[in-house]
Structure formats: C-alpha cells, structure tokens
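Q: Could we go through this model together? I would like to take the fold and a few individual residues in turn.

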Amino acid sequence: MEELEWIKEVAEEMKKRATVEPVEETERRAECGEVEALKKVINTAARNGEQAKAEAWLQKFYELFERKIAEGDGIGAYEMVCHNGPRDDMYRETREQAMQRQVTELLEQQLKDGKEEVRENLLCCYIK
C-alpha cells in the first residue's frame with residue numbers, strides 16, 4: 001500500500017508542475033507559422049464548436065502547406081500532412097487527399113533529383 005500512496009503523491013506533484021501554455025501564446029506561435037501550434041488551435045477551436053475560428057486557422061494551415069510545396073520543402077509538407085494534421089472534418093477527405101498527392105509528387109521529383117533523404121517519406125506516402 002505504501003507504493004500506491006507514493007505513486008499517487010508523485011502523480012499529484014507532476015500535475016502541479018505541468019504548465020499549460022496560454023491560448024494567446026499558442027495563437028501567437030500559430031500566427032508565426034509553427035505547425036504544431038496551428039494544429040493545436042485548429043483542433044481546440046473545432047472541439048469548442050468555434051467553427052468560423054477553426055476555418056480561419058485551417059486556411060492558414062493550408063496556406064503554409066502551399067508555401068512549403070512552392071518552396072520545394074517536401075519533408076516539411078510531408079510532416080504537415082502525414083503526422084497528425086488537423087482533425088477538422090469539414091474538408092478533411094478531399095483536401096487531405098489533394099495535399100497527399102501534392103506531397104507525393106514533390107517527393108518523387110526530389111528523389112529523381114538525387115535527394116535520398118526523402119525515400120522513407122515517399123514510402124510512407126505510397127503506403128497511405
């Protein structure tokens with residue numbers, strides 16, 4: 001029983017130490033184009049029923065994705081699409097498929113151009 005009490009104490013202490021980033025700070029980072037912050041504000045707004053806010057942030061996410069594609073950042077675009085993108089269902093099916101296709105095409109071209117580091121990402125695209 002002592003061990004169980006100790007575990008509970010440690011868990012409570014860890015909860016106290018855990019800090020939650022203020023919403024304003026997350027939104028500031030999202031405004032600067034940080035992908036993880038964008039995902040967080042999109043998902044939070046959608047979860048809270050703030051559809052207009054979710055759509056606005058989702059548009060910013062797509063703009064950043066398009067910029068990465070235009071700049072030839074295949075790995076960056078892959079990370080946005082394939083690693084827990086926003087979970088908003090409004091456009092998810094068709095938009096995600098289009099984004100996936102763009103990433104695949106870019107990675108294919110980069111592999112042809114000799115960028116071997118994209119091989120694993122391209123493999124994951126083909127699997128999906």
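The conversation below covers confidence, helices, cysteines and one leucine.

Q: What kind of model is this, and which residues count for local features?
A: This is a predicted model, in which local features need pLDDT of at least 70, side-chain atom pairs count only at pLDDT 80 or more, and totals for chains, interfaces and linings use all residues. Residues are numbered from 1 along each chain as its sequence is written, and side-chain values use heavy atoms, with hydrogens and water left out.

Q: What is the average pLDDT of the protein chain?
A: The average is 81, and 87% of the residues score at least 70. Here pLDDT is the predictor's confidence in each residue, from 0 to 100.

Q: How many helices and strands are there?
A: The protein chain has seven helices and zero strands, where helices (H or I, at least four residues) and strands (E, at least two) are DSSP runs, numbered from the N terminus. Along the sequence the pattern reads α-α-α-α-α-α-α.

Q: Which element has the lowest mean pLDDT, and which the highest?
A: Helix α1 (residues 2-17) has the lowest, at 75, and helix α4 (residues 51-71) has the highest, at 90.

Q: Staying with α1, how many of its residues are buried?
A: The number is zero out of 16, so α1 lies largely in the open. Buried means under 20% relative accessible area, exposed over 50%, and partly exposed in between (1.4 Å probe, protein chains only). For the protein chain of 128 residues, the buried share is 31%.

Q: What span should α1 have?
A: At 1.5 Å a residue, its 16 residues should span 22 Å, and the end C-alpha atoms are 23 Å apart, which agrees. The expected span is 1.5 Å times one less than the number of residues.

Q: How do α2 and α3 cross?
A: The axes of helix α2 (residues 23-31) and helix α3 (residues 35-47) come within 7 Å and cross at roughly 125°. That angle makes α2 oblique to α3. Angles under 35 degrees count as roughly parallel, over 145 as roughly antiparallel, 65 to 115 as roughly perpendicular and the rest as oblique.

Q: New topic: how many disulfides are found?
A: A search of the whole structure finds zero, a disulfide being a pair of cysteine sulfur atoms within 2.5 Å. Cys32 counts as exposed at 58% relative accessibility, while Cys124 counts as partly exposed at 27%.

Q: And Leu122, buried or exposed?
A: Leu122 counts as buried, at 5% relative accessibility. This residue lies in helix α7 (residues 119-127). Leu122 and Val103 are 19 residues apart in sequence and 8.5 Å apart in space, C-alpha to C-alpha.

Notes. Axes fitted to C-alpha atoms, helices over the stretch in contact; angles between N-to-C directions.
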